[in-house]
Amino acid sequence: MRLNASGTVDATFNAGSGSTDEIEGITVLPTGKILINGYFFSYNGNPANGLARLNTDGSFDPTFAAALRTNEEAAQIAVQADGRILVAGGSYDNLLRLMPDGSLDNTFAYTPTAPYPNYIYSGFASPFALQSDGKILVLSAPINASTLPSLARLNPNGTVDATFQMGTGPNGNSRTVRVLANNNILVGGSFTSFNGVTDRQLLQLTSTGAVDPAFQPIFQNNGIAAAVVRQPDGKLVIGGSFYEVGGQVSRSMARLNVNGTLDATFSSSVGISTPVVDLALQPDGRIVAATRASVQRFLATGIPDNTFTAPSLTGSTLTRLLLQADGRILVGGSAYSLNGAPANTQGLFRLMPTGAPDNSFVLNTTGSGRLTAFQAMAQQPDGKLLVAGSAIPAGGTTAIRTLVRLESTGAIDASFTGSAFTSTSATLRSLAVQPDGNVLVGGSFTAYAGTARANIVRLNPGGTLDAGFVPPTSTGTIYSVLLQPNNRILLGGSFSSANLPSNLARLLSTGAADGTYAATATPNSTVNTLLVQPDGAIVAGGTFSSLSGAPSIAAARIVATNVLHAAAPKAVADRTLAWPVPAHGTLTVAPDGSSHPQALDLLDVLGRTVRHQPISGAAPATLALEGLPTGTYLLRVSYTEGAVTRRIQVQ
């Protein structure tokens, strides 16, 4: 339709029945006639394949017959000064030029042929831009699949303009291009690097194709924290999808000082260019990082570790890392091909400390219990591996969502019999092994083994349901499950419940909501990862931008007293004794019997439980230390009202 200047409908403009489908553009010609382009097949009953010319009154102009095929789409057009018409689109993602009467201009040299070596992508917002000198900027796609880069310039006759030099250009697709009044060029897209210039998805190029360094747009997009590890000095290494921290460039991985400021001595921007999905901290301080498609290792300074040979992965989307005590690295994700080997659909492999594939880790490919798809994993103190995902049940042929347990070699441990998680699309996001061997599973599901359990469940050591653990009903997804030193259970994710704070909550060891955890630090969006510091403070990372209305982007530390309740009172600590120090073959612990002791745990420097022993009453208990490497350990004595910790030196 056409409107008058007042906004009323112009009754003199009569489109009749109009077009049969989408009109994507309108161009008024100097003569007053009107070109319409889009995805339509007729206009007011007249055949018109994506491009038509109308008279000034809206009627169809039969003297214009666009040389486009049936079912063609004209996504964008531009009229040159001589009246010729550039058209982008169509089933072949073509760029054509038409004469003013709509016939094909055969003098235009840009003519793609099968298998379409020079084609542009009409699915972008502006697939081409016309310069004042008649040259044409075009976006081609997919990247590296044509003879043109994803942004190129053509001469007025359609040949490639060799004077337009972008160097290496973008490492991803350019999606929109505009010509400015000064003949500079704006280009935006999904790239993360443009001729070596990183972390900008909108750039200004000079008329020759060089990046204009003076143009530095700032987009205040919230970053995402996907993983966090704590170094012995209290500094935190975070990984995720971000380009800067506190206004300073730091790509995908950063180290924060104890007060949360960026540690500028950490050079994480070297060698990592894609979002980090998981992190693992080695005892020697080196950091293993997984991106969606690679595993890399960095020195404690953040510089890439040249002694680690990153494996070559194809077809995989990585999601999880797990560092073993012997330095080997378990990696989980989707189906993959590792270093050119045949594709593996189970999504789980192990690397040697050098980065080379560990060929001693072999998964069963036949028989019941075999893994068919990976989702999450956790290691038991005895070295066995719990894996959540899809597996073939005993006596079955169709994979179910469940847990399997593997020996350290990758062989199936048949003594663990996981049952099915039931829902239309159950996902298992996080596993946590309790000191008593029970297993916490978080994700998105409605039941386990036929018993209703929403998103969080606890299993007995053999894989059966722990019926005594009954959590509140929730909707959404739990992405992170973490056991606090006082045996209370932290939940992070994107969930809501009538009985729990949203997205970040805590349960008692029975599964009931922890009433002492008040909704004073509720994230406004997803929590992806959780960490508990030795002082009980909780570190959360995710996609949130505030906690209970207070700004806090992607990472936060929670220290309010009504949140923690992790440590036992000082009087209880004073009455808890351990000897000898240093310890040799055994460690004797005398708990405070009046405070209801529950368990002794000895943890290594990575926080992994290496010894566990239930206790009760005031009788001294003895922990055997044989076989433990010399070094510093953390003794944790758990009471009903909290935990007491001691540093223990084993010699």
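Reader: Where do the mean positions of the positive and negative charges lie relative to each other, and how many Å apart are they?
Author: Happy to start there, with the reminder that this is a predicted model. The protein chain carries 38 positive and 37 negative charges. The distance between their mean positions is 6 Å.

Reader: Which element gives the largest share of the largest nonpolar core?
Author: That core has 19 residues, and Leu-587, Leu-600, Leu-602, Leu-625, Leu-635 and Val-637 are those with the most contacts inside it. Elements giving two or more residues include helix H1 (570–574), strand E48 (586–590) and strand E52 (631–639). The largest share is four residues, and it comes from E52.

Reader: How many residues are in the other core that lies apart from it?
Author: Good one to look up in the viewer. Among the members of this other core are Leu-403, Ala-426, Val-441 and Val-457. Its size is 17 residues.

Reader: Back to Leu-625: which residues is it in contact with, leaving aside neighbours within four places in sequence?
Author: Leu-625 is one of the residues with the most contacts inside the largest core. Its partners beyond those neighbours are Ala-583, His-584, Gly-585, Thr-586, Leu-587, Leu-602, Arg-611 and Val-650.

Reader: Why is the pair of Tyr-39 and Phe-41 edge-to-face?
Author: The structure holds six aromatic pairs. In this one the ring centres are 5.3 Å apart and the planes stand at 70 degrees. Planes over 60 degrees apart count as edge-to-face, so the pair of Tyr-39 and Phe-41 is edge-to-face.

Reader: And are Phe-421 and Phe-445 buried or exposed?
Author: These two also form an edge-to-face pair, 4.7 Å centre to centre with 65 degrees between the planes. Phe-421 sits in strand E33 (residues 421–422), while Phe-445 is in the loop between strand E35 (439–444) and strand E36 (447–448). Together with Tyr-448 they form one aromatic cluster. Both Phe-421 and Phe-445 are buried.

Reader: What is the phi of Ala-449?
Author: Most residues other than glycine have a negative phi. Ala-449 lies in the loop between E36 and strand E37 (451–452), and at 41% relative accessibility it counts as partly exposed. Its phi is positive, near 55 degrees.

Reader: Last one: how far apart in space are Gly-260 and Ala-556?
Author: Gly-260 is in the loop between strand E21 (253–256) and strand E22 (276–281), and is partly exposed, with a relative accessible area of 40%. In sequence, Gly-260 and Ala-556 are 296 residues apart. In space, their C-alpha to C-alpha distance is 8.5 Å.

Notes: Residues are numbered from 1 along each chain as its sequence is written. This is a predicted model: local features need pLDDT of at least 70, side-chain atom pairs count only at pLDDT 80 or more; totals for chains, interfaces and linings use all residues. Side-chain values use heavy atoms; hydrogens and water are left out. Lys and Arg count as positive and Asp and Glu as negative; His and the chain ends are not counted. The place of a charge is taken as NZ of Lys, CZ of Arg, CG of Asp or CD of Glu. Rings of Phe, Tyr and Trp (its six-membered ring) pair if their centres lie within 6.5 Å; planes under 30 degrees apart count as stacked, over 60 as edge-to-face and the rest as tilted. Buried means under 20% relative accessible area, exposed over 50%, partly exposed in between (1.4 Å probe, protein chains only). A nonpolar core is a set of buried Ala, Val, Leu, Ile, Met, Phe, Trp, Tyr and Cys residues joined through side-chain atoms within 4.5 Å. Contact means heavy atoms within 4.5 Å.
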